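This report is written for a reader meeting the structure for the first time.

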Amino acid sequence: MAEGKNNHKEKLEFIEEMTKNCDQVQEKVLREILTKNANTEYLNRYKMDGATDEATFKTRIPVVTYEDLRPEIQRIAEGDKSAILAADPISEFLTSSGTSAGERKLMPTIKEELDRRQLLYSLLMPVMNLYVPDLDKGKGLYFYFIKSETKTPGGLVARPVLTSYYKSEHFKNRPFDPYNVITSPNAAILCPDSFQSMYVQMLCGLIYRIEVLRVGAVFASGLLRAIKFLTQHWRDLAHDIETGTLNKSITDASIWESVQDILKPNPELAKFISDECTSENWAGIVTRMWPNTRYLDVIVTGAMAQYIPTLEYYSGGLPMACTMYASSECYFGLNLKPMSKPDEVSYTIMPNMCYCEFIPLEKSYEEKVNGTDLVNLVNLEVGKEYELVITTYSGLCRYRVGDVLLVTSFHNAAPQFKFIRRKNVLLSIDSDKTDESELQKGVQRASELIKPYGAGIVEYTSRTDTSTIPGHYVIYWELLVKEGGKLPENEVFEKCCLEMEEELNSVYRQGRASDIIGPLEIRVLKSGAFEELMDYAISRGASINQYKAPRCVSFPPIIELLDSRVVSAHFSQARPKWSPQRKEKK
Ligand code: AMP
């Protein structure tokens, strides 16, 4: 254990060193990337001629989006193994939850990136230990899942970054670390069937209930799904614990093997679970089931903030720790004050992970930005918002991530950021991100089904409803029925819901296919509702001339107004089509 503590000291020193020498580290990172990738097609195209200095880089290399890199990425996916973006061979594609043409973006990665990600993970517990000591005296109950993977035409694996991590030797054969003991067996995490995976992770969590010191998932939405699962399956779980046998629905042989030594008849525990759950009073269930839980380890910043009240209800107000900020493109940084309140969370980007530049927000509204307008990590100003642009070891050069960050303070020379939002995202339940044009296309496609009734959509807006678990999209429609026409019946609206879902991107449809997102709902409004919405906005200072109906609403009084004008509500009755195979839309 002493070794663990020494290791923590070293890691904390590393954070200090990185953040004190932020500028030099960034310069070194850029030099390393440019030296290593000097002979790539991409850097040659922009005539870097082997230069590794910042000034040449900033004048010659353009700032790009995924769309700009599409042709290169396509070639890699099709099997071109030449050094297009990176000198190192591309080991796999990480499928981002950000989409392009309806499909997940493919992020090429190289083997050594896994070490960099591992390094960032290794900094989390040393920081947490400063605020919550003695986490080495118990276990963490974490709900982790893998998702399906595919192969590109060229034979490279394409899968989400966490699936890649859980399947890596780094995770599977991790050395014993008393601060990172989790209740879930690897076999349960690695089981592709999400029901079996969840069942056994919950079962083990219950068996170790007294030892559990922290409960978590990657995102808040995932933890809520786990809690819902407990509320639905506690009888089976209690039965298994009482008898020391595993439910017949668990067919994965390696899962059976993994619980052999853990699952023993324990009628006392089974009775406790039944007594706690029979009343169906779920307030504070997390603290009742896992009484020694010190905090919830879940991301509740950004789109996940919508889940804070529900998590507070189930956990009886336990602190929520947001520990890191990361993406498929690169892992960026961590929260140096992990116990801060969700709305005060700031992440510190570790300067060794990638080379970072920032577009001041007013510039980022422009389609094309001038490469010399970008600001370096150390030159940011507190109180300003920026869009993050990265250059990675995997070969992304001046790539716009799409995240908008606000500088809140500095730790040594390193700025700390509040995550403000992802650009162009209107709706998000889990990792799905639906933008305005996708929503528009969905509404348009669905509106075709009501045309034969002489009905059309006058105006629409949307929001996420997280009072259900899983949460779902709600689309408000105000209709106009022509003379001689009629209001379509319920079944037609139900079909409209599904039709919209079919049009949404593959991350949304995958979420629906795996019950991570609930059925889409259309709420039909009384006529005149949007005019009232406009009156309300104008009464609060909106300009009459420039007023446009918002395509997404989140302000509670507006939601209340809309909900009070609902004449009927309709839900999708089936799941939209989804398969792991990519279908590029035209
Ligand atoms: P993906 O590429 O699918 O892994 O998604 C990465 C994106 O998730 C980031 O670019 C952010 O928009 C969002 N994200 C990641 N970490 C956080 C965080 N701690 N808080 C808020 N949003 C986050």
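In this predicted model, the crossing of helices α20 and α21 is right-handed. Helix α20 covers residues 529–539 and helix α21 covers residues 556–563, and the two pack at an angle of about 155 degrees with their axes 10 Å apart. Angles over 145 degrees count as roughly antiparallel, and α20 and α21 are therefore roughly antiparallel to each other. On the side of α20 the contact is made by Ala 529, Glu 532, Leu 533 and Tyr 536, while α21 contributes Pro 557, Ile 558, Leu 561 and Leu 562. By class, the residues of this contact between α20 and α21 divide into 7 nonpolar, no polar and 1 charged.

A second pair is formed by helix α10 (residues 194–207) and helix α11 (residues 220–243), whose axes come within 9 Å and cross at roughly 70 degrees. Because angles of 65 to 115 degrees count as roughly perpendicular, α10 and α11 are described as roughly perpendicular to each other. Their crossing, that of α10 and α11, is right-handed. From α10, the residues Phe 195, Met 198, Tyr 199, Met 202, Leu 203, Leu 206 and Ile 207 take part, and they meet Arg 225, Ala 226, Phe 229, Leu 230, His 233, Asp 236, Leu 237, Asp 240 and Ile 241 of α11. The contact of α10 with α11 has 12 nonpolar, 1 polar and 3 charged residues.

The interior can be described next. In soluble globular proteins, nonpolar side chains tend to be buried together. Here the largest nonpolar core has 148 residues, and those that touch the most other members are Trp 290, Leu 311, Phe 358, Leu 388, Ile 390 and Trp 477. Helix α11 supplies the largest share of this core, with 11 residues. Leu 311, when its neighbours within four places in sequence are left aside, is in contact with Ala 220, Leu 223, Leu 224, Ile 227, Leu 296, Val 298, Val 300 and Met 320. Another core, of 17 residues, lies apart from the largest one, and its members include Leu 135, Ile 146, Tyr 165 and Leu 213.

Helix α19 (residues 506–513) has 7 of its 8 residues buried, so α19 is largely enclosed by the rest of the structure. The buried residues of α19 are Ser 506, Val 507, Tyr 508, Arg 509, Gln 510, Gly 511 and Arg 512. They pack against the strands β1 (92–100), β2 (103–109) and β18 (472–481), and also against helix α18 (490–503).

Most residues other than glycine have a negative phi, and most peptide bonds are trans. Against this background, a cis peptide bond joins Ile 469 and Pro 470, with omega at about -5 degrees, and Pro 470 is found in the loop between β17 (455–465) and β18. Asp 49, a residue other than glycine, has a positive phi near 45 degrees, and it lies in the loop between α3 (41–45) and α4 (54–60). Asn 424 is likewise not a glycine and has a positive phi of about 60 degrees; its place is the loop between β16 (414–422) and α17 (436–447).

Thr 152 is found in the loop between β4 (150–151) and β5 (157–159), and, not counting residues up to four places away in sequence, Thr 152 touches Ala 77, Phe 93 and Ala 158. Pro 265 sits in the loop between α12 (253–259) and α13 (267–278). Pro 265 and Thr 245 are 20 residues apart in sequence and 7.6 Å apart in space, C-alpha to C-alpha. Residues up to four places away in sequence again not being counted, Pro 265 touches Ile 241, Glu 242, Thr 243 and Gly 244.

| Residue | Relative accessible area | Class |
|---|---|---|
| Asp 49 | 63% | exposed |
| Asn 424 | 60% | exposed |
| Thr 152 | 7% | buried |
| Pro 265 | 55% | exposed |

Buried means under 20% relative accessible area and exposed means over 50%, so Thr 152 at 7% counts as buried, while Pro 265 at 55% counts as exposed.

Notes:
Residues numbered from 1 in each chain as written. Predicted model: local features only at pLDDT ≥ 70, side-chain atom pairs only at ≥ 80, totals over all residues. Heavy atoms only, no water. Axes fitted to C-alpha atoms, helices over the stretch in contact; angles between N-to-C directions. Helix = DSSP H or I, 4+ residues; strand = E, 2+ residues; numbered from the N terminus. Parallel < 35°, antiparallel > 145°, perpendicular 65-115°, else oblique. Left-handed = near helix turned anticlockwise from the far one by under 90°. Contact = heavy atoms within 4.5 Å. Nonpolar A, V, L, I, M, F, W, Y, C, P; charged D, E, K, R; others polar. Core = buried A, V, L, I, M, F, W, Y, C linked by side-chain atoms within 4.5 Å. Buried < 20%, exposed > 50% of the residue type's maximum accessible area, 1.4 Å probe, protein only.
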